[in-house]
Amino acid sequence: MTISTEGPKNFFGELYLRSTRPFLADAVSDAEAAFLEARLREGDASGLVLDFGCGHGRHLSRLAKRLPGRVVGIDADQLSLGEARSSAPVTRGNFFRLPFRDDAFGAAYCWYNTLGTFCDDAVPVALAELARCVRPGGWFMVHGTPPHAATWQPEASYDAVLPDGSRLVENVRFEEATLRDTLKRELHLPDGRFMAASFFIRYYGVSEWEALLDAAGFSVRWVHGGVDGSALSDASLDQIVGAQKRG
Ligand SMILES: C[S@@+](CC[C@H](N)C(=O)[O-])C[C@H]1O[C@@H](n2cnc3c(N)ncnc32)[C@H](O)[C@@H]1O
C-alpha cells in the first residue's frame, strides 16, 4: 500500500500567510512561546530544539531571544522561511525526510494542527522520522484543537475584509465520522489576484496521540488544555501533548 504524504495543495505560502496572520494576535504567540520556553527549561529537554513546521517563525522568533543558539526550524514553504530566517537558523525540507542526523535534537514541537493536514496514514510516517532525530530522553510537544472543540460549530461560513483589503471567504464543515473539518478558503486580493484552496484538518484526541506517539517510541508525560498550563477539559480550546522519547 502506498501512503500519501501530500499536504494541502495551494494552501501554505501566500494564501495561508495572508489569511491566517490577521487572526494570530501577538499576545497569543507570546503566550505560546512562553509556554514552550517553560517546558523546554524543564526536565531533560536540554540541547537543540526543532520547530517542526516553523512557518513564518512566530514561535522561533520569540524563543531565539530566550534560548539563544538552541532553536532551529524546518518548513517546506520558502515564503514563510524567508521571514523565519531573520530570527533563527531554518532549513527548507520535508517532514517525511528530515535533513538531520539521528538524535540531533533534545526536543521538538509541532504547533497549530500542523499534522492534521495529512492523511491519517501519513502521520505515523512523519512521527517515525521525527523520532529518529530526537535523542532518547528528549521531548516532543504537539499542539492542536481538541476534537470536542471542533464539534461545537459543525458548519461555519466566514466572509469579511481583512486589514490588507483582501476579501476572505471560507466555508467549514466538520464530519464526526472522520474527525475532520473540510475547508474551502478563497482570498480576493486588492490587486485583483484570486487564491483558493480546499483542504482538511483532522483533530486527534489524547488517546489517539498516545497510540501514535507510543508507536513512534515516545511516552506521553503530560497533557494541557491551554498554554496557561490548565488541565484538558471539555471547555478547552487547545490541546498540548508532551511526550518523551524512550530508550
Ligand atoms: C499550520 S502551519 C503552522 C506554522 C507554525 N507552526 C505556526 O504555528 O504558526 C503548518 C506549517 O507546516 C508546513 N508544512 C506543511 N507540510 C510540510 C511538509 N511536508 N514538510 C515541511 N513543512 C511542511 C507549512 O508550510 C506551514 O508553514
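This is a predicted model: local features need pLDDT of at least 70, side-chain atom pairs count only at pLDDT 80 or more; totals for chains, interfaces and linings use all residues.
Two residues are taken to be in contact when their C-beta atoms, placed from the backbone, lie within 7 Å. Leaving aside neighbours within four places in sequence, Ser 87 is in contact with Gly 57, Leu 60, Ser 61 and Ala 64. Ser 87 sits in the loop between α4 (78–84) and β3 (90–92). Elsewhere along the chain, 142 residues away, is Gly 229, and the C-alpha atoms of Ser 87 and Gly 229 are separated by 26 Å.

The overall layout comes next. The protein is divided into domain 1, made up of 14–145 + 205–226 + 235–245, and domain 2, which covers 149–199. Their C-alpha centres lie 24 Å apart. Where the two meet, nine residues of domain 1 are in contact with 12 residues of domain 2. The side of domain 1 that touches domain 2 has three nonpolar, four polar and two charged residues.

In soluble globular proteins, nonpolar side chains tend to be buried together. Here the largest nonpolar core has 54 residues, and those touching the most other members are Leu 50, Ala 108, Leu 130 and Phe 140. Helix α5 gives the largest share of this core, with six residues. Ala 108 shows how such a member is surrounded: beyond its neighbours within four places in sequence, Ala 108 is in contact with Val 49, Leu 50, Phe 52, Leu 130, Val 134 and Phe 140. A second, separate core has five residues, among them Phe 11, Phe 12, Leu 15 and Leu 187.

Just after α7, Gly 217 takes a positive phi of about 100 degrees.

The ligand has 15 residues around it, and Phe 12, Gly 53, Gly 55, Asp 77 and Tyr 112 come nearest. By class, this shell has six nonpolar, six polar and three charged residues.

Backbone geometry brings Tyr 112 back into view. Most residues other than glycine have a negative phi. Tyr 112, however, has a positive phi of about 75 degrees although it is not a glycine. Tyr 112 lies in the loop between β4 (105–110) and α5, and counts as partly exposed because it has 19 C-beta neighbours inside 10 Å. Leu 179 is another residue other than glycine with a positive phi, near 55 degrees. Leu 179 lies in the loop between β7 (167–175) and β8 (180–188). With 18 other C-beta atoms within 10 Å, Leu 179 is partly exposed.

Key:
Residues are numbered from 1 along each chain as its sequence is written. Helices (H or I, at least four residues) and strands (E, at least two) are DSSP runs, numbered from the N terminus. Domain bounds come from an automatic or database domain assignment. Ala, Val, Leu, Ile, Met, Phe, Trp, Tyr, Cys and Pro count as nonpolar, Asp, Glu, Lys and Arg as charged, and the others, Gly among them, as polar. A nonpolar core is a set of buried Ala, Val, Leu, Ile, Met, Phe, Trp, Tyr and Cys residues joined through C-beta atoms within 7 Å. A residue is buried if 20 or more other C-beta atoms lie within 10 Å of its own, exposed if 12 or fewer, and partly exposed in between; C-beta atoms are placed from the backbone. A residue is near a molecule or strand if its C-beta atom, placed from the backbone, lies within 6 Å of it.
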